[in-house]
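I opened this entry to look up a few strands, sheets and helix contacts. My notes follow in the order I took them.

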Amino acid sequence: MIVTKRSLPRRTLLRGLGAAIALPFLDSMVPALTRSVKAAAPIHRLSVVYVPNGIVMSDWTPTAEGAYELTPILRPLASFQDRLIVLTGLRNGPPNYAVHGAASTRFLTTEPPLASTGSIVEAGISADQMVAKHFARETQLASLELSLESPFAGVCDVGSSCVYTDTISWRSRTTPLPMEHNPRVVFERLFGEADTTDPKARLARLASRRSLLDSVADSIADLRQQLGGADRVKVNEHLDAIRDIERQIQKVEEQGARELPAVERPAGVPATFLEQARLMFDLQVLAYQSDLTRVITFMMGRELSGRSYPEIGFYEGHHPTSHHQNDPVKIAKLTRVNAHHAVQFAYFLERLRSTADGDGSLLDHVTIVYGGGMSDGNSHSPDNLPILVAGGGAGQLKGGRHLRFPEGTPVANLHATLLPKLGVQADRFGNSTGALSGL
Amino acid sequence: MRGIAAPIVMIALAGAGLTGVPAAARNASVQPTTPDRSLLDRYCVSCHNTRQQTAGLAFDTKDVGRVGTEPRTWERVARQLRSGMMPPPGSPRPDPVSSQAFAAALEAEIDTAAAASPRPGRPVIHRLNRAEYANAIRDLLDIEIDASSLLPADESLGGFDNIGGVLSISPSLLERYLSAAGKISRLAVGDPTIGPAFASKTYEAPQTVFQDARMSEDLPFGSRGGLAVRHHFPLDAEYVCRIRLRRNILGYVRGLTDPHLLEVRLDGTRVKRFTIGGNRQLAPAPLSFTGVIPGDPQWEAYALTADEGLEIRFRATAGPHVVAVSFLDEAFEPEGVLQPELTGLGLAYSEFSSAPSGPWGPSVDTVSIDGPFHATGVGETPSRRRLLSCRPATADHEEACARQIISTVARSGYRGTVDDKDVNRLIDFYRAGRKDTASFEGGIQAAVERLLVDPRFLFRIERDPPDIARGSAYHISDVERASRLSFFLWSSIPDDPLLEAAARGTLHEPVTLETHVKRMIADDRASALVDNFAVQWLALRQLRPVTLDAEIFTEYDGNLRDAFLQETQRFVQDQLRQDRSVLDLLTAKYTFVNERLARHYGIRGVYGNHYRRIAVGGERVGLLGHGSILTATSYPTRTSPVLRGRWLLDTLLGAPPPPPPPDIPALPSSGEHDRKLTMRQRTEQHRRNPACASCHVRMDPLGFALENFDAIGRWRTTGETGEPIDAAGALPDGTTFRGVSGVRTLVTSRPEEFVRVLTGKLMTYALGRAVDEDDMPAIRAVVREAAPGNYRWSALMLGIVRSVPFTMRQAEP
């Protein structure tokens, strides 16, 4: 049966980025034919969006269980109310010596940072990386780790390594993954060094690359006749590499009809938080849409972030204000910061919802964990974390609910529940004690 | 097939004396005579015989009168005897004098046989490594590229990253080459379609470097901190320079208490001056509460956004320009009660007196150069001048001009091995590019892009002449010799004079060769010998990266690390320039320091950040007094006599111990016992285990002799547990020595051995392959011939480029 490219085209306007242009991709491109065969099982993706320095819980947690009311911080997510599951009662382990480092490090690993000021860092493998390993063969990039703030070298929280506050992703116990904050670098990692996204230009570029490779292969063929055994091995290596790239080009050309919205390669880090946040979310949508990766972690801010948000009249610096000492004025300001983050997150959800994917939208086929590893920032509380799960989870998640769990339920139980939904066979994760019932 | 075969025969080149051969025997001038087989019969045959075949050797049937038939075997025998490794401990041994005489006789026989039938080896195709690629681009197109952003680092073998056998090519690497070729060719020709997304770049000041002084020779005198970058401006156009200042971990810009002047200069001319800081009406939070309790809201806002307006727009012509961003240096005196220096947490939190900022004021974090905007033309750049040797006046002239340009660049890029077919291939690309871009220069760009991915450019390829007998040794052509010379001495492609001499067929003539070698060593490009050879030989790429974790060594930061590397590189460079004896590496009574390094060494009277030559004595004489080496051979928390001993054995004495066996327990740390153990006491536990002892008995005493230097190279008299340093040691043969001067004497009293080690390393680097038994006659010859002039660098270099492995090649077997 011939199916005529029904998953194509999908030209979507990319907001805030100017014109929508189609863009074919290397590697990741699945010809429409094979894709439609798999249409029954949509691609399931994982996204983790982290917010630092705790949340004003009284303005976050709904009072009703099940169907819930919108609170001041959740209000920006109103149009997605039915796609969210708000989780209350999860705990991020016992208090630990580096309170901020522990919040971010334990969020996905469930393990506290190693108490050391040395160059040795250690925690545990993070849940997102379990999923990344699972999908590694399917996509060009196993995962993306992104942030909005540049990393620090040296020591941060109580003299522990800055790695603990800078990242939430750990490939192994001793390999923290750096978070990239420069959209240009992210773009290049996804799309190579192309700087125009005009599909004609890109196809022309591929064609010229092909002719380059053809011609180099000719040169090698000439050379080869003049070489001895060991040298021929090297030259064959080179020929193999050429053929490999030619196959990739062919793959892209074969499905040249597939169209995606695209961005110009960003010049660098945008000057404002808003621009940077939106650009980073746009790139995440693109990465999912093109199936270049299926796992993304994103820190809206690093733990201990002292960022100010002049665009909402918040000039003080996030971290100092988070030590509000129960001053209602400061708490009100913090709520505004928390809601400001939620506004950015809503933008991401909107972009996912308006991007078609298979039989539905990207939002249908993603599981998003949004939240942080600390509840009250004033006391660095690891109890009763602010977490919500968004998206359809490829048919496995039902939103519009507020679930309350017994106090002290490890956040690891959330990971242990989500991992199997994402195809990772794991009965438990870290210090999990079971699955979250009802999720 | 040598070089690709895996076994790493980084031969223990000598190592005599380190395991049991007394100095007397070594120093006895041994007259080579015919090897006497009675020694074999008495001491060797009991294990190595036809029946037992220990190690696959049977000496009862080997003819010691015909060493030349099995040179590799006998080379190994000589080495075992020279190093005293055989006969094994406990077995009867020949007296040292006869053992050394026997080895010398074997070597003489081997050398004679090698002279009669040379075995030069057969280097495999050699991909240019990253440094060679960048240098080749520089010399071909007159454009400096940041290779580390374009290409991945290369694999290395035996300490060098230019070993052909391990320089492989993968699809992802080829992708990088393809994209690099596109980028470089567009920049070189000056592609008018280049936009900001292509050319914008952000330069970061290293986070671990304190900006407390003038940071670079490209920054003005009287400046402090900042960053000077050499940026390639692709077009005549407008550019935007944005500066971000260093923040503390809470996001506050550091060092805002007092006003400071920040200057931006383009090629030395000031284009803008900003004032930053000093807004004293506003009150910050108290120092110890910063980041927890906000201060005045306006101060908070200012501290978080103080660098937002640091942005200027200017016009620049196409080509490389130096953009320099720095503060005006101002004297300051700390007020109030003198505070202890901050480390660890305080250092990270405080915005007043902490690293990487400090009491001197703010620091620059990044400098971004965005553009081109509103381009007015492609301008004239050095690369355009180099490349576009003709400019066609009319369309009729284009093809001829293109051919001229392309032939020239192909001759250099393909290193003299260009034929019509090669040029025509490039011309095809010129034509296609000419058509696609409707411009002559677009065509040239396409041809250059094609050239940069050609195997003739990316690989060093040597071809057997037609009709050569299989397996025979033959002299390489002068064209191949030109490349061997330039990649050895410059890590780059040959220049025109070399290619011309090769084309004339005179490069192999002794006088011409010597003239070229001396010319090349004197050329600036020979600094590659320092950056690539010396740095790798001395294992300085292991100099540990700096983090701000400095609980123990608070002084170790990026500035000191840079100064360490500068010292050693400038010193070796100077030795090479002056063509000193290579033994001077260990005995020279001078070095290069700046203020920071001088202070670290406790040397007075050196001010300012530039490096200068100063006289030194005592512990700082020669390389062994360099902080770079002493730090690279230490752990982050303490010295390691074992690492230092191993370094000495491998780098200077040519007797590297094998890697440790698996599953060895770590040394107990000094705190784990009731009483603190000294390093010496802890390390002596090695000797109790015979499996450890056989190597540690050689490594540890050498390392302990350097214990007067701490883990960052400072002189000390007490160790980490407070015990007085005992720097005395002895080799298994009873030779005793004390301290760094003792080690120095140990090495220089056996000049021949040290030179043999260095020659072996140089030979490895020059050939791009591991050296093995077959190369030993050549290495011995280089050493022998360099001896009369007291082993000058030029003698070693000349010896190597005249040697059999360098001038010859084995045809395919």
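Predicted model: local features only at pLDDT ≥ 70, side-chain atom pairs only at ≥ 80, totals over all residues.

**Chain A: strands**

I began with E6(A) and found both of its faces covered: Val295(A), Thr297(A) and Met299(A) are buried on one side, and Ile296(A) and Phe298(A) are buried on the other.

Which strands pair with E6(A)? I looked up two pairings. E3(A), residues 144-147, pairs with E6(A), residues 295-299, in the parallel sense over 4 bridges. In this pairing Ser147(A) stands opposite Met299(A). E1(A), residues 45-50, also runs parallel to E6(A), and 5 bridges join the two. There I noted Ser47(A), whose bridge partner in E6(A) is Ile296(A).

I then checked the faces of E3(A). Both are covered. Leu144(A) and Leu146(A) lie on one side, Glu145(A) and Ser147(A) on the other, and all are buried. Met299(A) is itself buried.

**Chain A: a helix pair**

Next I took H5(A), residues 183-191, and H8(A), residues 273-289. They pack at an angle of about 10 degrees, and their axes are 10 Å apart. Angles under 35 degrees count as roughly parallel, so H5(A) is roughly parallel to H8(A).

I listed the contact residues. H5(A) brings Pro183(A), Val186(A), Phe187(A) and Leu190(A). H8(A) brings Gln276(A), Leu279(A), Met280(A), Leu283(A), Leu286(A) and Ala287(A). What is the make-up of this contact of H5(A) with H8(A): nonpolar, polar or charged? The residues divide into 9 nonpolar, 1 polar and no charged.

**Chain B: overview**

I moved to chain B. It has 32 helices and 16 strands. Of its 813 residues, 50% count as buried. I also looked at contacts with a separation of 6 or more: residues 24 or more positions apart account for 73% of them.

**Chain B: two sheets**

I looked up one open sheet of 4 strands, in the order E2-E9-E4-E7 (chain B), with antiparallel pairing. Its edge strands are E2(B), residues 201-204, and E7(B), residues 311-316, each pairing on one side only. The twist averages 20 degrees from one strand to the next. Within this sheet I followed E4(B), residues 236-245. E4(B) runs antiparallel to E7(B), and 6 bridges join them. Tyr239(B) stands opposite Phe314(B) of E7(B).

Another open sheet has 4 strands in the order E3-E8-E5-E6 (chain B), and the pairing is antiparallel. E3(B), residues 223-233, and E6(B), residues 269-276, are the edge strands, each pairing on one side only. Here the twist averages 15 degrees from one strand to the next. I followed E5(B), residues 260-266, and E8(B), residues 319-328. They pair in the antiparallel sense over 5 bridges. Arg265(B) stands opposite Ala324(B) of E8(B).

**Chain B: a helix pair**

At what angle do H19(B) and H20(B) pack? H19(B) covers residues 527-537 and H20(B) covers residues 558-577; the angle is about 120 degrees, and the axes are 10 Å apart. That value makes H19(B) oblique to H20(B). The crossing is right-handed.

I wrote down who meets whom. From H19(B) come Ser527(B), Leu529(B), Val530(B), Ala534(B) and Val535(B). They meet Gln569(B), Val572(B), Gln573(B) and Leu576(B) of H20(B). The residues of this contact divide into 6 nonpolar, 3 polar and no charged.

**Chain B: one loop residue**

Last, I picked Leu653(B). Its place is in the loop between H24(B), residues 641-652, and H25(B), residues 679-683. Is Leu653(B) buried or exposed? Leu653(B) has 26 C-beta neighbours inside 10 Å, so it counts as buried; the cut-off is 20 or more. I also took a distance from Leu653(B) to Val378(B), 275 residues apart along the chain. Their C-alpha atoms are separated by 56 Å.

Conventions: Residues numbered from 1 in each chain as written. Chains lettered and ligands numbered in written order. Axes fitted to C-alpha atoms, helices over the stretch in contact; angles between N-to-C directions. Parallel < 35°, antiparallel > 145°, perpendicular 65-115°, else oblique. Left-handed = near helix turned anticlockwise from the far one by under 90°. Contact = placed C-beta atoms within 7 Å. Nonpolar A, V, L, I, M, F, W, Y, C, P; charged D, E, K, R; others polar. Buried ≥ 20, exposed ≤ 12 C-beta atoms within 10 Å, placed from the backbone. Pairing = 2+ DSSP bridges.
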